[in-house]
Amino acid sequence: MKKHNFSAGPCILPKSVMQKASEAVLDFDNGLSLLEISHRSKPFVDVMEKARSLVLELLGLEGKGYKALFLQGGASSQFLMVALNLLEKRAGYLNTGTWSAKAIKEAKIYDDIYEVGTSEAAGFNYIPKGYDIPEDYDYFHCTSNNTIFGTQMKSFPDCPIPMVCDMSSDIFSRTLDFSKFDLIYAGAQKNMGPAGTTLVVVKEDILGKVSRKIPSMMDYKVHISKGSMFNTPPVFPVYVSMLNLEWLKNLGGIKAIAEENDKKARLIYSEIDLNPLFKGYAVKEDRSQMNATFTLENENLKDTFEAMLKEAGINGLNGHRSVGGYRASMYNALSLDSVKALVEVMSELESKA
């Protein structure tokens with residue numbers, strides 16, 4: 001039976017990518033596994049350079065002063081690393097959910113952090129609007145997509161200071177003017193590759209302006225100078241990310257995948273809105289294209305619905321414990337057919353109720 005993987009992350013990857021990755025584990029370089037060759041060898045150095053190059057190409061940032069880095073520690077390490085490298089006096093943060101709240105907590109270790117806006121009182125079911133970003137702050141930080149609550153920033157402010165964005169769950173999924181951002185970071189395990197590496201895209205001219213001493217492992221300038229090879233990189237996640245970026249490029253890039261993602265989102269939200277058994281969590285104008293969060297209105301149908309999901313081969317639909325209900329994560333590699341399969345089950349449940 002075909003499995004439909006709606007997992008929030010680590011998430012679905014293209015079959016062709018997994019096939020090539022599995023082959024490289026057995027034989028990557030004339031009988032040597034990808035897992036056992038030196039990360040300093042030319043074959044892997046070429047992988048790293050290609051991955052970094054593809055990032056800038058797909059984001060439209062080639063020749064614009066940006067560097068792409070593949071680091072370790074997950075996006076959570078970037079909550080701290082951003083502050084270490086950029087925070088001198090004060091920064092503004094938009095609080096839209098669990099991950100932005102964690103970023104605020106870590107940054108507060110170093111200096112003064114101000115919430116320019118928050119939707120916490122409403123259970124983070126919308127994106128704040130109309131907030132001000134003071135021009136004398138060091139930077140503004142936002143989270144583009146909120147996996148847990150199913151909200152997504154549909155537009156970004158014209159920022160008078162450097163803009164930092166956590167794009168862990170929607171990077172490479174939609175067309176944006178990425179040059180609006182001075183630093184982007186993203187854990188790989190949503191739209192780019194397996195868990196184990198984190199992408200950082202940073203405009204070099206914003207670095208080197210804080211007075212504190214930065215530990216070498218946490219210094220973006222050090223990692224840039226070493227080409228993401230300051231220490232042993234996460235070889236396998238970087239390689240799979242490179243394959244996935246190649247896959248995306250061959251599809252037609254972000255523009256092509258954005259069209260598919262729009263179709264998937266419109267299909268699932270149409271069913272949520274038309275089917276009286278279900279209710280969406282996020283306000284309509286801020287609904288995420290990556291993570292559709294919804295609840296079943298009649299809890300007596302829960303066992304029936306989940307049995308039907310299992311029979312249809314639908315996996316990973318449970319909502320986050322802080323929200324409950326269900327969450328359909330529709331990252332780039334999830335097919336429209338998988339969303340159709342879910343919608344068919346939801347529609348069939350209505351006919352049985």
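Reading the features

Tutor: Let us begin with F172, whose place is in the loop between β8 (163-166) and β9. Helices (H or I, at least four residues) and strands (E, at least two) are DSSP runs, numbered from the N terminus. This is a predicted model, in which local features need pLDDT of at least 70 and side-chain atom pairs count only at pLDDT 80 or more, while totals for chains, interfaces and linings use all residues. Residues are numbered from 1 along each chain as its sequence is written, and side-chain values use heavy atoms, with hydrogens and water left out.

Student: What is the phi of F172?

Tutor: Most residues other than glycine have a negative phi, and most peptide bonds are trans. F172 is not a glycine, yet its phi is positive, at about 65°. N30, also other than glycine, has a positive phi near 50°. The peptide bond from G9 to P10 is cis, with omega near 0°, and P10 is found in the loop between β1 (4-5) and α1 (15-26).

Student: Is F172 buried or exposed?

Tutor: Buried means under 20% relative accessible area, exposed over 50%, and partly exposed in between (1.4 Å probe, protein chains only). F172 has a relative accessible area of 1% and is buried. N30, in the loop between α1 and α2 (42-59), counts as exposed at 77% relative accessibility.

Student: Which residues are buried in helix α4?

Tutor: In α4 (residues 98-107), the buried residues are S100, A103, I104 and A107. They lie on the same side of α4 because they cover an arc of only 100° around the axis; the arc is that of the directions from the helix axis to the C-beta atoms. These buried residues pack against α3 (74-86), β3 (90-95), β4 (112-118), β5 (140-143) and β9 (183-187), where contact means heavy atoms within 4.5 Å.

Student: At what angle do the axes of α6 and α7 cross?

Tutor: Two packed helices are described by the angle between their axes and the distance between the axes. Axes are lines fitted to C-alpha atoms, for helices over the stretch in contact, and angles run from 0 to 180 degrees between N-to-C directions. The axes of α6 (residues 235-251) and α7 (residues 253-274) cross at roughly 80° and come within 6 Å. Angles under 35 degrees count as roughly parallel, over 145 as roughly antiparallel, 65 to 115 as roughly perpendicular and the rest as oblique. Helices α6 and α7 are therefore roughly perpendicular to each other.

Student: How do the axes of α7 and α9 cross?

Tutor: They cross at roughly 5° and come within 10 Å, α9 being residues 336-352. Helices α7 and α9 are therefore roughly parallel to each other.

Student: What does UniProt list for K190?

Tutor: An unreviewed UniProt entry lists K190 under "modified residue: N6-(pyridoxal phosphate)lysine". UniProt positions are given in the numbering used here, feature names are shortened, and annotations may be inferred rather than shown by experiment. In the model, K190 lies in the loop between β9 and β10 (198-203) and is buried, with a relative accessible area of 14%. Not counting residues up to four places away in sequence, K190 touches A8, G9, C11, T147, S168, S169 and Y331.
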